[in-house]
Amino acid sequence: MGQPAVVEVRDLHVVRGSTRAVDGVSFSTEPGQVTGLLGPSGCGKTTLMRSLMGVQIVQGGTVTVLGRPAGHRDLRDRIGYVTQDPSVYGDLTVAENLRFFGRVLGVDGGEVDRCITAVDLGERRDAVVDRLSGGQRSRASLAVALLGRPELLVLDEPTVGLDPVLRRDLWAMFHALADQGTTVLVSSHVMDEAERCDRLLLMRDGRLLADDTPAGLLAATGADEIEGAFLRLVEDGAA
Ligand SMILES: Nc1ncnc2c1ncn2[C@@H]1O[C@H](COP(=O)(O)OP(=O)(O)OP(=O)(O)O)[C@@H](O)[C@H]1O
C-alpha cells in the first residue's frame, strides 16, 4: 500500500441553510499530490474545505487530517489555508504581515523572505497591502499560508482573477511544493485548470461526480477535454 492519507473524508454531510451543501462525500488524498477540487459555483467546494479545517458544523461523517480529527489543535501549524477573501491586514505592508504571522507561528526572518519570494512579491514587500492589486493581495495571503512549510495546503480558488502568466506561475509553484512533499488541495470553478492537477475531484450539487487523474477521467468518459468529461458525467447521472 502507499503512504497514509493526508486527508480522509468519509460520508460527509453538511447542510447550510436549506441546502445539502455536501451530500455524502468520501475521498482521501496522498502526500505530495496536487489535487483539484473542481465544480461550478455553489457546488460545495468551500464548504468541503471549511470542513477539512474544522470550522464548519457538519451533520454526519468523519474528516481526518494528518491522522487527527479536523480542527484538532495539533493541526494548527501543519496546515496552510487560504480563503477566497484575502486574510492579510490592509494597513500593513506585505513584509509586516508576514512578520506578524511569522511571529505567531514562531518562524524566523529567513522564512518570511522565502515565502515572499515564493509568491513573487519581492519587489512589493514594502507596499501597504491596501495599495496592491487583487491578485497581489491574494498572493500575500498565499505567502502567509506558506509560512512554516505546512504539510497540507488548502487553497480556495487561489487563481481567480489572475492573469494567465500568474496563473501558470502559481500552478508551477503548487507542483514545486508538492514535489517537496506538501499535499496541495486547490479548488477552482474553471475547468481548464483541471489538466494542471495530478488528481481531480469533480463536484456538483454537493456530491462527488468523479475522483480520478485527468487522463483517467478522459479515458473513462471518452471526452477530449475535462469540461466535456464533466458534462458527460452529469448527463449519465441524469439518465
Ligand atoms: N452561510 C451560508 N448560509 C446558507 N447557505 C450557504 C451559506 N454558504 C453557502 N451556502 C450554500 O451552500 C452551497 C455550497 O456553497 P459553497 O460556498 O460551499 O460552494 P462553492 O462551490 O465553494 O461556490 P463558489 O465557487 O461560488 O465559491 C450553496 O448552495 C450555497 O448557497
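Because the model is predicted, local features need pLDDT of at least 70 and side-chain atom pairs count only at pLDDT 80 or more, while totals for chains, interfaces and linings use all residues. Residues are numbered from 1 along each chain as its sequence is written.

Let's start with the domains. The assignment, which is automatic or from a database, gives domain 1 (1-78 + 151-238) and domain 2 (85-149). Their centres, taken over C-alpha atoms, are 25 Å apart. Eight residues of domain 1 are in contact with nine of domain 2; contact means C-beta atoms, placed from the backbone, within 7 Å. On the domain 1 side, helix H5 (residues 164-179) gives the largest share, three residues. Helices here are DSSP runs of H or I, at least four residues, and strands are runs of E, at least two, numbered from the N terminus.

Now, the core. The largest nonpolar core has 66 residues, and Val65, Leu98, Ile116, Ala143 and Val154 have the most contacts inside it. Such a core joins buried Ala, Val, Leu, Ile, Met, Phe, Trp, Tyr and Cys residues through C-beta atoms within 7 Å, buried meaning 20 or more other C-beta atoms within 10 Å of a residue's own. Helix H4 (residues 134-146) supplies the largest share, six residues, and each domain gives at least three.

How values were computed:
A residue is buried if 20 or more other C-beta atoms lie within 10 Å of its own, exposed if 12 or fewer, and partly exposed in between; C-beta atoms are placed from the backbone. Two residues are in contact if their C-beta atoms, placed from the backbone, lie within 7 Å.
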